[in-house]
Amino acid sequence: MAERYDCHYCKESLFGSKYVLREENPYCVTCYENLYSNTCEECKKPIGCNCRDLSYKDRHWHEECFHCFKCQQPLVDMPFSTKDDQVLCTECYSNEYSSKCHDCKKAIMPGSRKMEHKGNSWHETCFSCQRCQQPIGTKTFIPKDNFNYCVPCYEKQFAMQCVHCKKPITTGGVTYREQPWHRECFVCTGCKQQLSGQRFTSRDDFVYCLNCFCNLHSKKCTSCSTPIGGLGGSKYISFEERQWHNDCFNCKKCAMSLIGRGFLTDRDDILCPECGKDI
């Protein structure tokens with residue numbers, strides 16, 4: 001006598017009938033669907049063995065029930081999005097919930113790249129330089145008057161140009177006589193040291209640090225041959241187109257200071273009256 005082959009749940013014979021195996025146990029179709037079939041989110045009916053079960057995040061649909069909540073378009077094998085437990089086609093989702101491009105005003109579709117700045121959104125291709133119209137992407141840009149510019153275009157259109165090198169000044173800079181300079185271009189005419197933040201003077205439209213100005217243009221002491229003056233206003237003695245530091249205006253023989261005293265000259269030398277009486 002043949003061994004019986006029965007439904008694991010209702011014990012009805014399965015010979016000649018369709019059945020489903022679950023964990024190696026056979027079930028008649030009715031028992032299997034009652035016990036294990038998922039319920040469709042749309043029609044609330046069981047999804048039988050002969051139906052395609054579409055699932056998303058522990059939710060299930062019949063194939064014919066899986067459609068857009070708004071426009072009813074079938075979503076089988078189509079991209080979709082969800083909002084508040086509603087399944088939506090990408091077009092309906094975009095129209096209802098997606099950001100609008102600040103430039104073209106169209107919806108930015110889910111899954112597409114979106115550029116954001118100060119609360120506004122753009123399609124990647126719409127986020128472009130106002131001047132050259134090239135997409136900015138992830139490159140550095142500068143906003144001005146509600147428009148965005150790539151750095152080269154901004155420099156060409158708006159940045160001041162250095163009087164010395166004629167190139168744009170993008171950060172910092174120095175203004176001298178109402179003209180703009182790069183800090184690195186505003187240097188001493190003599191030694192080329194940067195003058196930004198330093199005391200300097202000028203002569204014949206050229207700028208100099210104090211040391212270079214004194215060495216090049218200040219009067220020289222007749223005694224020590226070093227420059228007299230500077231912007232500090234060093235005191236000196238002048239006589240017959242010759243100059244001396246106050247400390248250098250001394251008798252050539254006895255080294256007595258001659259400031260406020262009478263003196264005599266012997267060619268290039270200066271003498272006190274006592275040392276010069278035998279001249």
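Modeller: Happy to; what follows goes from the histidine to its neighbours, and then to some related ring contacts elsewhere. Please keep in mind that this is a predicted model.

Let us start with the setting. UniProt, in an unreviewed entry, places the feature "domain: LIM zinc-binding" at residues 38-98, 99-160 and 219-279. Over residues 38-98 the chain is 13% helix and 26% strand, and the C-alpha atoms at the ends of this span are 32 Å apart. For residues 99-160 the figures are 11% helix and 27% strand, with 37 Å between the end C-alpha atoms.

Now to the histidine. His 67 is found in the loop that runs between β4 (59-62) and β5 (80-83). Its relative accessibility is 17%, so His 67 counts as buried, the cut-off being under 20%. The side chain of His 67 makes a polar contact of 3.0 Å with that of Gln 72. If you set aside the neighbours within four places in sequence, His 67 is in contact with Glu 42, Gln 72, Gln 73, Pro 74, Leu 75 and Val 87.

Val 87 leads us to the strands. Val 87, in β6, is the bridge partner of Thr 82. β5 and β6 (residues 86-89) pair in the antiparallel sense over 4 bridges. These two strands form a hairpin with 2 residues between them, and Asp 84 in the turn has a positive phi of about 55 degrees.

Next come the aromatic rings. Tyr 56, Trp 61, Phe 66 and Phe 80 form one aromatic cluster. Trp 61 and Phe 66 are both buried. Their ring centres are 4.9 Å apart and their planes stand at 55 degrees, so this pair is tilted.

For another pair, look at Tyr 149 and Phe 158, which are edge-to-face, with 5.1 Å centre to centre and 80 degrees between the planes. Tyr 149 counts as buried because its relative accessibility is 6%, whereas Phe 158, at 29%, counts as partly exposed. The ring of Phe 158 also has the charged end of Lys 144 over it, 5.0 Å from the ring centre. Likewise, the charged end of Arg 22 sits over the ring of Tyr 36, 3.9 Å from its centre.

Key
Residues are numbered from 1 along each chain as its sequence is written. This is a predicted model: local features need pLDDT of at least 70, side-chain atom pairs count only at pLDDT 80 or more; totals for chains, interfaces and linings use all residues. Side-chain values use heavy atoms; hydrogens and water are left out. UniProt positions are given in the numbering used here, feature names are shortened, and annotations may be inferred rather than shown by experiment. Buried means under 20% relative accessible area, exposed over 50%, partly exposed in between (1.4 Å probe, protein chains only). A polar contact is a pair of N or O atoms within 3.5 Å; within protein, one must be able to donate a hydrogen and the other to accept it, and residues adjacent in sequence count only if both atoms are side-chain atoms. Contact means heavy atoms within 4.5 Å. Two strands pair if DSSP finds at least two bridges between them. Rings of Phe, Tyr and Trp (its six-membered ring) pair if their centres lie within 6.5 Å; planes under 30 degrees apart count as stacked, over 60 as edge-to-face and the rest as tilted. A charge sits over a ring if NZ of Lys or CZ of Arg is within 6 Å of the ring centre and within 35 degrees of the ring normal.
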